[in-house]
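User: Could you walk me through this model? I would like to learn how to read its features one by one.

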Amino acid sequence: MTTTSTMTPITLDPRRIDPSAVVARTTSRSSLQDTWAQVLAMAWRAVKKMRRKPEQFFDVLIQPLLFTAMFAFIFGGAISGSVSNYLPVLIPGILAQTALTVCMVTGVQLREDMDKGVFDRFKSLPIARLAPLAGPMVADLIRYGIASVLTLVTGLLIGYRPGGGVLGCVGGVALTVIAGWSLAWIFTWLGTLARSAQSVQGISMMIMFPLTFLSNAFVPAETLPGWLEAFVKVNPVSHVVSAVRDLFNDGAVTAEVGWAVIGCVVVVAIFAPLSVRSYSRKM
């Protein structure tokens, strides 16, 4: 006894296949609009982390208050003769130091996320390689803004009266935030290279202290030895400090402001691609 069976072939209806959806799912690069949306999503993730870990704001809240008061009352009389005379010199310098210290944390937190395996989950996501790096840095703009405003408010409470008025103060704070964001790319790059968060912090401190204290942030460059004065004049932090002083004290957009902005653009142009390339290799 033989049995025969017939099978009806199944054909796919080509009308149910959306070619654009197939291309969207298989494309290896995100559009500029998609990349921006992904950066904002990562920024929101970083903001939620800040909300759940308020201790991340300790350096932002305490350091500006402590350093501004301490440096003003300890060095004011020795350097400028009085605290009131020293504040126009000090406040922009503290702003630069605070921004540099806060942006240093970006690389440390990045390395911690990579060590915990968080970035391993991003491997399977169709997102731009820039998004996991730029997202937290966008969120850190909140930290830079808070630290800068607190530094200025502390200076006002102890007697600082900026001659540049409200517009000059707004411009100085904005420039400080931009400088902190651009310098954060250096520490982001270090975060992708180092093997642990502790090593990132150690290397970052070795960079932060020379850039901050070997600048015109706390003392006039003219009072330093000739060889040290030459380094201070080319130090990018010195240009930022001088630009913020011009904005705060005079409300003037001088050549120093232009040099500071150009320096920020150059730093981003160099270290942002390096960070993305190093991160891609890790992925």
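User: What should I know before I start?

Analyst: This is a predicted model, where local features need pLDDT of at least 70, side-chain atom pairs count only at pLDDT 80 or more, and totals for chains, interfaces and linings use all residues. Residues are numbered from 1 along each chain as its sequence is written, and side-chain values use heavy atoms, with hydrogens and water left out.

User: How many helices and strands are there in the protein?

Analyst: Elements are DSSP runs numbered from the N terminus: helices are H or I with at least four residues, strands are E with at least two. Here the protein has 11 helices and zero strands. A contact means heavy atoms within 4.5 Å. Of the contacts in the protein with a separation of 6 or more, 79% join residues 24 or more positions apart.

User: How do I read the core, and which residues have the most contacts inside it?

Analyst: Start with burial: buried means under 20% relative accessible area, exposed over 50%, and partly exposed in between, using a 1.4 Å probe and protein chains only. Of the 283 residues of the protein, 44% count as buried. A nonpolar core is a set of buried Ala, Val, Leu, Ile, Met, Phe, Trp, Tyr and Cys residues joined through side-chain atoms within 4.5 Å. The largest one has 63 residues, and L90, L100, C103, W185, F218 and F248 have the most contacts inside it. Helix α4 gives the most to this core, with 13 residues.

User: How many cavities of 30 Å³ or more are there?

Analyst: On a 1 Å grid over the protein atoms alone, a cavity is a set of points where a 1.4 Å probe fits but cannot get out, and lining residues have an atom within 4 Å of a point. Points are joined across faces, edges and corners, and a volume is the space filled by probe spheres set on them. By this rule there are two cavities of 30 Å³ or more.

User: What about the second largest cavity?

Analyst: The second largest cavity holds about 60 Å³. Its lining includes A96, L100, T176 and V240, and α7 gives the most, with four residues. For residue classes, Ala, Val, Leu, Ile, Met, Phe, Trp, Tyr, Cys and Pro count as nonpolar, Asp, Glu, Lys and Arg as charged, and the others, Gly among them, as polar. This lining has seven nonpolar, two polar and no charged residues, while the lining of the largest cavity has six nonpolar, four polar and four charged.

User: Is V166 buried or exposed?

Analyst: V166 counts as exposed because its relative accessibility is 66%. V166 is found in helix α7. V166 and G251 are 85 residues apart in sequence, with their C-alpha atoms 8.7 Å apart in space.

Terms used
1 Å grid on protein atoms, 1.4 Å probe; cavity = no way out; pocket = protein on both sides within 12 Å on 5 of 7 lines; lining within 4 Å.
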